Amino acid sequence: MIITQTPYRVSFAGGGTDLPAFYEHEAGAVLSVAVNHHMYVTVSPRFDKTTRVAYTRVEIADGIDRIEHTIAREALRMTGLGEHLEITTVGDVPAGTGMGSSSSLAVGILNALYAYKGQVTSPGALAEKACEIEIDILKKPIGRQDQYAAAFGGVNYIRFNPDHSVDVEPVPTAPAFLDQLERHIILLYTDQQRDADTILKKQSEGSRDKMSVLREMRDLAGELRKTMGGQGNLEDFGRILHHGWELKRSLGFGISNQGVDDWYRAARANGAMGGKLLGAGGGGFLLIMAPPERHEAIREAVGRPREIKFSIDRRGSRVIYISDRYTF
């Protein structure tokens with residue numbers, strides 16, 4: 001048996017510029033971090049000459065073409081595996097909540113399957129192959145940031161070039177600043193799951209008319225990288241985060257809604273420095289940055305929703321278990 005652990009991500013700035021509708025014209029960039037919430041994938045041998053895939057449902061298929069789980073099916077094709085395998089996936093956070101779960105799944109499955117074959121695969125190769133599955137094969141209208149954040153982990157400035165290459169630059173940040181950043185951020189669940197593909201499709205189709213806003217959003221990623229350098233500056237970070245909220249909301253495309261706007265205004269009125277609706281928008285998790293002593297007032301102001309702890313995962317997708325026997 002092989003078990004992989006792959007982090008989800010939080011993107012602070014630049015989201016939307018990782019879509020080809022933007023970066024094919026000029027380079028895009030995001031500032032993102034991997035977080036300590038994960039996708040777990042197990043791959044183990046199966047006695048029967050079938051493939052079993054267990055996720056929110058269970059499939060038992062007598063051929064790869066019959067597998068309905070699209071990412072698992074295409075990952076098996078890509079790695080040349082199939083029969084006599086069991087694949088299970090378990091996520092810490094539900095899909096459709098803005099933390100890149102689909103891409104973490106793609107990276108985690110590929111990592112597990114290659115490890116099952118006895119192959120060591122670099123983070124860059126895992127990210128590229130995950131992009132190939134999601135974007136080129138499955139034709140999802142998504143960007144390229146989530147796959148790289150999941151594969152590499154840590155704090156990164158990720159640049160998307162017009163030739164479709166991707167550069168991942170770790171951001172040198174003082175540990176004390178990261179500790180303070182973790183203490184300042186809360187992740188509030190809006191209790192709304194959404195179809196990110198629909199929002200991203202609208203955004204891609206409308207990018208030509210929003211290039212100036214997207215360009216400013218990309219540049220904010222560079223500003224945040226500078227803000228996090230050296231000893232870091234929390235006040236500047238919060239100010240930039242708030243500016244990014246205003247820019248992203250101005251795009252439209254169903255990114256925000258009245259309920260989320262009300263939460264954000266209430267958080268700001270109770271001391272929040274800035275915030276961000278994670279992922280494509282439309283629901284999921286609302287990130288709020290505020291001094292720790294203001295967190296309780298913010299929770300009360302927005303009705304005490306469910307929340308999860310924000311902490312940074314310095315590592316990307318990794319194999320965490322290998323049994324002594326992987327094949328029958």
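**View A. Lys 139 counts as exposed, at 63% relative accessibility.** The cut-offs here are under 20% relative accessible area for buried, over 50% for exposed, and partly exposed in between (1.4 Å probe, protein chains only). This is a predicted model, with pLDDT of at least 70 needed for local features and 80 or more for side-chain atom pairs, while totals for chains, interfaces and linings use all residues. Residue numbers start from 1 along each chain as its sequence is written, and side-chain values use heavy atoms, leaving out hydrogens and water. Lys 139 belongs to the loop between α4 and α5; helices here are DSSP runs of H or I with at least four residues, strands are E runs of at least two, and both are numbered from the N terminus. Its phi is near 60°, which is positive for a residue that isn't glycine.

**View B. His 84 also has a positive phi, near 60°, and is not a glycine.** Look for His 84 in the loop between α2 and β5 (85–91). His 84 is partly exposed, with a relative accessible area of 33%.

**View D. Val 35 is buried at 0% relative accessibility.** Val 35 is part of strand β2 (residues 28–45). Beyond residues up to four places away in sequence, Val 35 touches, among others, Tyr 8, Met 99, Phe 310 and Ile 312; a contact means heavy atoms within 4.5 Å. Ala 149 is 114 residues away along the chain, yet the two C-alpha atoms are separated by 9.6 Å.

**View E. Phe 12 and Met 99 have the most contacts inside the largest nonpolar core, a set of 82 residues.** Such a core joins buried Ala, Val, Leu, Ile, Met, Phe, Trp, Tyr and Cys residues through side-chain atoms within 4.5 Å. Helix α3 gives the largest share of this core, ten residues. Among the residues that Met 99 touches are Val 35, His 37, Leu 187, Leu 278 and Phe 285. Apart from this core lies another one, of 15 residues, with Trp 245, Ala 272, Ala 290 and Ile 298 among them.

**View F. Arg 299 and Glu 296 form a salt bridge, with their closest N and O atoms 3.3 Å apart.** The rule is a side-chain nitrogen of Lys or Arg within 4 Å of a carboxyl oxygen of Asp or Glu, and it gives a count of 26 salt bridges. Both residues lie in helix α11 (residues 295–301), three residues apart, or about one turn of the helix. Glu 296 is partly exposed at 40%. A network of salt bridges links Glu 296, Arg 299, Glu 300, Arg 304 and Glu 307.
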